[in-house]
Amino acid sequence: MKSLNVTRRSLLIGAGGAAASELMAKPMPRTIGERIAVVGAGVFGAWTAHHLQLAGHRVTLIDAWGPAHSRASSGGESRLTRAAYGKDAIYTRMAMDSLPQWKALSAVSGLPIFVPCGILFFFPTEEPYVHDSITAHKAFGLPTDVLTQAEMIRRFPMINFDGISIGLYEPGFGALMARRSVQTLADRFVKAGGAYVKGLVQPPGSCARLEEIRLSSGERVQADRFVFAAGPWLSKLFPDVIGPKIEPTRQEVFFFAPPAGDRRFLPGAMPGWADFNGGDIFYGFPDLESRGVKFANDQHGAVVDPDKQDRRPTEAALAEIIGYRDHRFPLLKGAPLTETRVCQYENSSNGDFLIDLHPDWPNVLLVGGGSGHGFKHGPEVGRYAAARLFGSANVEPRFRLASKAETHHREVH
Ligand SMILES: Cc1cc2nc3c(=O)[nH]c(=O)nc-3n(C[C@H](O)[C@H](O)[C@H](O)COP(=O)(O)OP(=O)(O)OC[C@H]3O[C@@H](n4cnc5c(N)ncnc54)[C@H](O)[C@@H]3O)c2cc1C
C-alpha cells in the first residue's frame, strides 16, 4: 500500500507550502500518543483526524451516519477548489497549501479525487475583488491568467460572456470529488490504525473538564482531548456556546445532460466556473464522470434544520437555474435535468471558519463554519485544528469563537 504522507509533502512545497504558513509558526509539542475523539467525519473532521494520527495520537473518529453521508455538508459529488478570494488572502493561502494535500490523496486513491480542469471566475466589471485577488496571487506566486472578454469567448465557447468584462483563470485548480475524497481519507485513517465508530454523540453536559462523551447507544468514549467538527449540527451539540452563530441554509444543486457526443462540456475543455454576478454568485462544473453539467446558486437559501429540511428540489429554484443556464450556457437550452441535490451550508456570521477551543474546556476544540466555501480548505483546516488542539498554532483571530456574531452578514466569497 502506498503511504500518504501529506504533511511532509506539503512542508516541502516551499514558500507556498506549510512551512511558511503564519498559522503554523510554532513547532508541534512532543506530547504524542494522547487519546483523542473527533466527532464528525465530514471533510473537516476527517482531515483533523488524519493530521492528529500523523502526529502520533490514538484517534477515534465518530459519526452518526458516516463519512460524507447524503445529508452532510461534505456529501454529494463535487466541490470547486480555487484560490481567488478577493481581499481575504488568508483563504488564498489555505487553498494553496491544501492543494498539494488533495493531490497526494488523489494520487493514492483508486479513482481521481482532484480533477485539474482549471477554474474561471468571471466578473461584469473590474471590481475590488478582482484587483485584490490578482494582488494576492502575485504575492503568493500563483499562476493566474487575467482574461479579457474576447479571450474568454475564444477559450471557453460554451459560455456566453455578454456583459462580462474580465475573468480570472486559475489553471492549477479545479474540482474535488467530495464524497469520494472524504470516504477515501476515512478509509485510509482506519487502515493506518485509527478507530472509526458509528454513533450519535449526545450534547455534553456541564462539568469542570470533559473526560468522556456519551453515545445514544449508551456507550461512552473516554479521551484526553476532543474535537467537535459536526458541521451544520454543531449548534445542536452546543446550543449555548454556539447557537445561532452557525446557521444552516438550504442550497439546491442541479445537473443537466450535455448534448449527446458533445465534447465541449468535458473537464479540460470546460473549466469549473463562478459568475460573480454582483456577489450573487452562480457556479458550476463541467460534466464530471458523465453525471451531467452542474449548476448552483451560491446565495444563501432559507435557514433550515439539517435533520428536518425537505430534500426535494423546489420548482422555483429549478426555474431560476434554467433561466440562468439558458442565458449563460445557451448550448444547454433544453438539456434534460439528470439529477438534483438539496444540501445546506453551515454559515458563520461572516463566512470565516470557527476553529477555537471551547470557552470552558481547554481540551475541547470546536471546528466548523465552512460557510459554503470550506471544502477545499479541509487539509489545512485539519492541520491547523490538530495544532490548535495542542496550543501549538499561532492563533488566527478570524477563527476565534469570540469573532462570531449572531447576526449574519456574509463577507467572505
Ligand atoms: C451544495 C454545496 C456546495 C458547496 N460548494 C463548495 C465548493 O464548491 N467549494 C468549497 O470549498 N466548499 C463548498 N461547500 C462547502 C463545504 O462543502 C462545507 O463547508 C464542508 O463540507 C463542511 O464540512 P464539515 O466537515 O464541517 O461538515 P459535515 O460534512 O456536515 O460533517 C459533519 C459531520 O458531523 C456528523 N455529526 C453531527 N452531529 C453529530 C453527533 N451528534 N454525533 C455524531 N456525528 C455527528 C454529521 O453526521 C456529519 O457527517 C459547499 C457546500 C454545499 C452544501
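Is Lys236 buried, partly exposed or exposed? In this predicted model, Lys236 has a relative accessible area of 37% and is partly exposed. Its side chain forms a salt bridge with Asp305, with 2.9 Å between the closest N and O atoms. Lys236 belongs to helix α7 (residues 234-237), whereas Asp305 sits in the loop between β16 (293-297) and α8 (315-328), so the contact ties together parts 69 residues apart in sequence. Asp305 is also partly exposed, at 22% relative accessibility.

Across the whole structure, the search finds 23 salt bridges. One of them joins Arg35 to Asp224, whose closest N and O atoms are 3.1 Å apart. Arg35 lies in strand β1 (residues 35-39) and Asp224 in the loop between β11 (220-222) and β12 (225-228); the pair therefore ties together parts that are 189 residues apart in sequence. Arg35 is partly exposed at 32% relative accessibility, and Asp224 is partly exposed at 24%.

A further salt bridge is formed by the side chains of Asp352 and Arg398, at an N to O distance of 3.0 Å. This pair links distant parts of the chain, 46 residues apart: Asp352 is in the loop between β17 (337-347) and β18 (354-357), and Arg398 is in the segment after α9 (378-389). Asp352 has a relative accessible area of 4%, and because the cut-off for buried is under 20%, Asp352 counts as buried. Arg398, with 25%, is partly exposed. Both residues also take part in a network of salt bridges that includes Lys87 and Asp88.

Notes
Residues numbered from 1 in each chain as written. Predicted model: local features only at pLDDT ≥ 70, side-chain atom pairs only at ≥ 80, totals over all residues. Heavy atoms only, no water. Salt bridge = Lys/Arg side-chain N within 4 Å of Asp/Glu carboxyl O. Helix = DSSP H or I, 4+ residues; strand = E, 2+ residues; numbered from the N terminus. Buried < 20%, exposed > 50% of the residue type's maximum accessible area, 1.4 Å probe, protein only.
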